[in-house]
Amino acid sequence: MSDTKLTRSPHLYSYVKVIPSYECARGCDYCYNRLLAQRSSPDSDAVLATLDQVLGDAQGPMSVEVIGGEPLQRPALDDTQRVLSICRADPRVTRTILSTAIASVDVLRTVTPWLDLLYLSVDAGAHSATNKKFVGARKLQEIVALASETGCQLSVSAVLSGQEQMAEIRDFIDLVMSAGIDSIGIVHTTGVYLSDKQIDSICATYHQLFRLSLFLRPKVRIVNSFLESIEVSLMGGRRAAACECARNSVAIEPDGRIIPGLCIDHELPFISPDRFAESQAVRRQFLQSVDCGQCPLWSVCYGGCATEARR
């Protein structure tokens, strides 16, 4: 195995993301695949070999998530089915997860028997010019029924492009709740420069989302790292690190290489999980010695995403 593959490491990996392909036909403007220039040539056998090594190194139960690109788009679909079926039968894997934007019940039915959790990526704004993934009430109800048939947990994940109004986001949450879904993941566009005006707008949206997330409990769980960090801070808690990358989670590239996480920019030099973990420790020590370390949110932020900071 080449030196670009996983090295033996003391890290207690418990979560691995498998990327069969970075290809996706939708072409969403905000997609991190495009923004981070992610690319590598698929090699199914190499992916499975690396996955087996990661599982072999695990010192506890493992969760495996298949993500993309679009893992349910051909030719990646065949590899996705292969990975999920193997993981489902592997006693080292205690949870199988799939992230997809495919809302076709017929296609989803080919993988749900192997799934514990399905993340369905959709767009929150029904009228946005950049919206390519809005899913209506009837389709959501069909997917909820399919998940229920196979005992698969369902969570909807929405990317905010920045064009949505809060009323539109609330309508989207009501739509998801009315379909019987009790978990909604919210993320925003990353990997791009944001103006002060855009940052102010995002902050205002998250402020309202935080209040809404508390109000709607326990009917629905609105999941977002920013919202969770705010709550942890208000309750006087601390996070273990800025992120899970190379700490308890790694990702396997389509060519079998292993990287710290999906947010790695492919225009930057390759960095192994071990090297990334080392640089994270050095970065954290430095930031704590300067103004960043004096911030009241330090214990839940730790300087944020290291890969975005390297851009």
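Me: Which residues form a nonpolar patch on the surface?

Reply: Areas come from the Shrake-Rupley method with a 1.4 Å probe, and for residues only the protein chains shown count as cover. In this predicted model, where local features need pLDDT of at least 70, side-chain atom pairs count only at pLDDT 80 or more, and totals for chains, interfaces and linings use all residues, the patch consists of Ile230, Leu234 and Met235, with about 340 Å² of accessible area together. Residues are numbered from 1 along each chain as its sequence is written, and side-chain values use heavy atoms, leaving out hydrogens and water.

Me: Where does Ser249 lie, and is Ser249 buried or exposed?

Reply: Buried means under 20% relative accessible area, exposed over 50%, and partly exposed in between (1.4 Å probe, protein chains only). Ser249 belongs to strand E8 (residues 249-252); strands (E, at least two residues) and helices (H or I, at least four) are DSSP runs, numbered from the N terminus. Ser249 counts as buried because its relative accessibility is 8%.

Me: What is the span of helix H6?

Reply: The expected span is 1.5 Å times one less than the number of residues. For the 13 residues of H6 (residues 166-178) this gives 18 Å, and the end C-alpha atoms are 18 Å apart, which agrees. Gly180, with a positive phi near 95°, follows H6.

Definitions and conventions: Patches are made of residues with over 30% relative accessible area and no salt bridge: like charges are joined within 9 Å, nonpolar side chains (Val, Leu, Ile, Met, Phe, Trp, Tyr) within 5 Å. A salt bridge is a side-chain nitrogen of Lys or Arg within 4 Å of a carboxyl oxygen of Asp or Glu.
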